[in-house]
Amino acid sequence: MNLINRDGYVDFESIYPSSSVYTFITGARGTGKTYGILKYVIDHGLQFILLRRTQKQIKMIKKPALNPFISLENDGGEKYHADIKGWGEDISGIYLNGEKNPSGIMLPLTTISSLRGFDASQSDVLIYDEFIPEAHEKAIANEGGAFLNAIETIARNRELKGRKPLKVFCLANSNRLANPIYVELKIVNKVYKMIRDGKEILTDASRDLTVIHLKETPISRKKADTSLYRLAGEGSFADMALENRFNEVDDSQIRHMRLQEFRPLVAVGELVIYRHKSKLMYYVTDHLSGHPPVYQASEIELSRFRNDFYTLKLSHLNRHVFFEDYMLQILFEQYVKL
């Protein structure tokens with residue numbers, strides 16, 4: 001699979017036919033993720049759904065000046081001209097080059113569950129653009145579950161009727177490794193290790209899953225010498241926008257430790273928290289030993305856990321808590337409300 005084409009942009013002519021049913025791509029800004037996938041589906045006559053996280057985002061790209069097809073039309077002509085016509089407050093049809101029937105549907109994740117009689121079963125591919133929220137964006141309740149429910153609603157038992165599964169492409173910048181969908185799919189550790197080992201492609205054939213994390217691209221190298229990135233300097237914005245780094249990753253507390261040196265303190269959700277026998281030190285793993293108090297991952301149970309073990313949050317801030325892997329650290333920080 002070739003990831004970058006000769007022009008320096010994401011190569012969907014290679015990626016699309018070679019990837020799995022579910023493909024996640026994170027890449028630096030301006031590397032042609034959205035442009036490339038939209039060009040591919042139009043060039044190949046595919047029916048598609050363009051999904052964004054929120055209603056506000058959909059309203060923005062419905063405006064002519066922010067229409068995601070404008071740059072395609074400017075480069076490739078009328079073939080890529082798209083009229084976006086509202087079918088309601090939350091859902092729109094995408095009509096290419098004056099055609100009477102829509103080639104695509106555009107809608108937000110937040111309202112799919114409330115749509116009644118929604119039928120997009122003829123769609124070939126779901127494109128979830130900007131699936132990783134930026135730091136300032138408000139979280140969606142059970143966002144990972146909402147994403148899976150959206151696929152269920154859209155796919156409509158197509159595989160049970162002998163049809164090919166709905167292709168799903170999720171595209172984003174590297175805003176957060178522990179994003180709601182990676183957490184829901186329990187792939188944070190796998191992606192973390194892939195990036196740590198310098199790999200760009202992770203494939204899990206048993207789950208029909210491909211994750212692509214692009215390294216620095218020719219376009220990124222050119223952009224580094226533009227005025228904006230000279231202004232930004234060496235910081236978190238440039239790391240994300242040019243080098244595709246997940247800046248929130250702090251793995252300094254990840255290590256393997258001998259459980260024999262610890263006593264079980266508490267089990268909460270998927271975590272088991274141990275306290276060192278002689279030092280002010282805690283170790284978080286998913287291996288249960290002994291009979292510690294147990295708290296489920298429901299909101300009421302987590303509230304009880306936070307009340308009963310409130311000092312764990314402070315201990316983590318003071319770097320006295322260590323974790324067997326990165327996903328356990330993410331869950332711990334969610335549970336203590338860091």
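Figure 1. The predicted model holds 13 helices and 14 strands; helices (H or I, at least four residues) and strands (E, at least two) are DSSP runs, numbered from the N terminus. Of the 338 residues in the chain, 49% are buried, meaning under 20% relative accessible area, with exposed over 50% and partly exposed in between (1.4 Å probe, protein chains only). Among contacts (heavy atoms within 4.5 Å) between residues at least 6 apart in sequence, 64% join residues at least 24 apart.

Residues are numbered from 1 along each chain as its sequence is written, and side-chain values use heavy atoms, leaving out hydrogens and water. Local features need pLDDT of at least 70 and side-chain atom pairs pLDDT 80 or more, while totals for chains, interfaces and linings use all residues.

**Figure 2. Helix α13 and its ends.** Helix α13 (residues 326-335) is largely enclosed by the rest of the structure, because nine of its 10 residues are buried. Among them are Tyr-326, Phe-332 and Tyr-335, along with Gln-329 and Glu-333. At the start of α13, a side-chain oxygen of Asp-325 comes to within 3.2 Å of the backbone nitrogen of Met-327. Just after the helix, Lys-337 has a positive phi of about 60°.

**Figure 3. Leu-317 in helix α12.** Helix α12 spans residues 311-317 and includes Leu-317. Leu-317 counts as exposed because its relative accessibility is 53%.

Key:
A polar contact is a pair of N or O atoms within 3.5 Å; within protein, one must be able to donate a hydrogen and the other to accept it, and residues adjacent in sequence count only if both atoms are side-chain atoms.
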